[in-house]
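Dear colleague,

I am handing over the structure we spoke about, and you will find it just below. My notes on what was found in it follow after that.

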Amino acid sequence: MELRDAGKATVAYFYFDFKDTNKQNRRNLLLSLLVQLSARSDPCCEILSRLYSTHGRGAQKPSDRAMTDCLKEMLTVPAQCPTFLIMDALDECPNTSGIPSPREQVLELIDELVGICLPNLHLCVTSRPEFDIQTVLERFQSRTVSLHDETGLKQDIIDYVTHVVHSDPRMRRWREEDRDLVIKTLSDKAGGM
Amino acid sequence: MAAAELLKITHGVDNRIKGVDERIQGVDDKVQEVGDKVQDLDDKIDQVNCSSFHNTSILASESPDLTGNQLRDSLRQWLSPADPSTNYNIAADAHHVGTSQWFFQGSIFKDWQSAGSFLWIHGNRTCLLAFCNPLLLIALQCCSGLGKDHSLVCPSSTSLSA
C-alpha cells in the first residue's frame, strides 16, 4: 500500500551521538521514541498515559522492559498507520563497557522489534559496518545499502567537492589545475577515509 | 476345556479393555471441560482488560485537569527525553541540495517504504556524512503526500519542507 493511500504515517527518529551522553543507550532511545510517537498518535498517547498511571502518575520512572513493552504495544495498535522508526549512527552507541554493553542492548531491542514482524513497522538503522552490529543486523536478511559500493554516493561526493571548490571565495582564486587536483584527490580518497 | 477357559479369559480381558477405554473417554471429556473453562476465563480476562483500557482512555481524555496537550506535556516532562532535533538540524544544515537522490529514487528505498521491513544503511564515516539522513525524513514526507500540518514527528520547530 502506498503511503498516500493510507493518508497518514508517523515518523520517529533518534540520533546516537558520541558527543552527547544522553544519546548513547537504549533507555535514551526508548524515552525519545515513546514521547515522539505519543505526541502524534492518540492511541499511542493513551498507551503511554497508562504507563504513566501505573507509575504513580509519574512519581516513578519506567524500566527499560516496561518501555519496550509500551513501544511494542504502540506499534501493534490495530488501527496503527505505518510507523517509520529511524535510528542514526548506531555505532556511536558505545560497546566498550557493561555486560551487555549499551550497544548490545540496543541491538537486542532492534532484534525484538524486527522479530515480531509487524507489517506497519518500517525500521531503518544507519551505522558504520562494525563487526558486532553487522553480526546482528545481517541475520535479518533484509534490505541493506552499502554506501561504500554506491556509485550514486561517489557522484554526490564529487558534486559536493566540486561545488565547494568553485564557490568558496578563497578557492576560486586558485589556479584551475590546483582546483582540479583538489577535486580529484578528495573525490578519490573520500571512499577510503 | 482349556480352549473354553482361554476364551473366557480372553473375553474377560476384552471387557476390562473396554472399561479402560470408557474411563479414558471420561478423562478426555473432563480435559475438554477444563479446556472450555480456561477459554471462558481467558475471554473474561480479555473483557476486563478491554474495559480497563477504555476506562483509562476515558480518564486520559476526559480528565478535567488534563487536556490532550497538557497530558502530552506531562508525559514529556515525566520521561524528559533527549532532543534529537539538534542532530537533525546539524545534518540538515550540512546538506548539499541534490545529494542522495539516487537512494530515494532506487528500488531498495521504495520497497522499504511500501512494505513493513528493516533497512540497514552502512558505510564509513565519510559515506555516512555524505549520505544525508534528514533527506530520509523529507523523502518520506514528500512521497507520502502528507500535509505540512501533521504526521511527521519533530520534537522542535524543525522545518521538513524540502
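The centres of domain 1 of chain A and domain 2 of chain A, taken over C-alpha atoms, are separated by 38 Å. In the domain assignment of chain A, domain 1 covers residues 3-144 and domain 2 covers residues 149-190. Please keep in mind throughout that this is a predicted model.

Chain B has 7 helices and 1 strand, and from the N terminus on its elements run α-α-α-α-α-β-α-α. Of the 162 residues in chain B, 22% are buried. Among the contacts in chain B between residues at least 6 apart in sequence, 62% join residues at least 24 apart.

Looking at the pairing across the two chains, strand 3 of chain A and strand 1 of chain B (residues 117-122) pair in the parallel sense over 6 bridges, and within strand 1 of chain B the bridge partner of A:Cys124 is B:Leu119. Strand 4 of chain A and strand 1 of chain B also run parallel, joined by 4 bridges, and here A:Thr144 stands opposite B:Trp120.

The contact between the chains takes 69 residues from chain A and 52 residues from chain B. On the side of chain A that touches chain B, the largest share, 9 residues, comes from helix 2 of chain A. By class, that side of chain A has 35 nonpolar, 19 polar and 15 charged residues.

Which residues touch the most other members of the largest nonpolar core? Of its 66 residues, these are A:Leu33 and A:Leu34, and the largest share of this core, 8 residues, comes from helix 2 (residues 26-40) of chain A. Leaving aside residues up to four places away in sequence, A:Leu34 touches A:Leu48, A:Met67, A:Cys70 and A:Leu71, and also B:Leu79 in the other chain.

With best regards

Technical notes
Residues are numbered from 1 along each chain as its sequence is written. Chains are lettered from A and ligands numbered from 1 in the order in which they are written. This is a predicted model: local features need pLDDT of at least 70, side-chain atom pairs count only at pLDDT 80 or more; totals for chains, interfaces and linings use all residues. A nonpolar core is a set of buried Ala, Val, Leu, Ile, Met, Phe, Trp, Tyr and Cys residues joined through C-beta atoms within 7 Å. A residue is buried if 20 or more other C-beta atoms lie within 10 Å of its own, exposed if 12 or fewer, and partly exposed in between; C-beta atoms are placed from the backbone. Two residues are in contact if their C-beta atoms, placed from the backbone, lie within 7 Å. Ala, Val, Leu, Ile, Met, Phe, Trp, Tyr, Cys and Pro count as nonpolar, Asp, Glu, Lys and Arg as charged, and the others, Gly among them, as polar. Two strands pair if DSSP finds at least two bridges between them. Domain bounds come from an automatic or database domain assignment.
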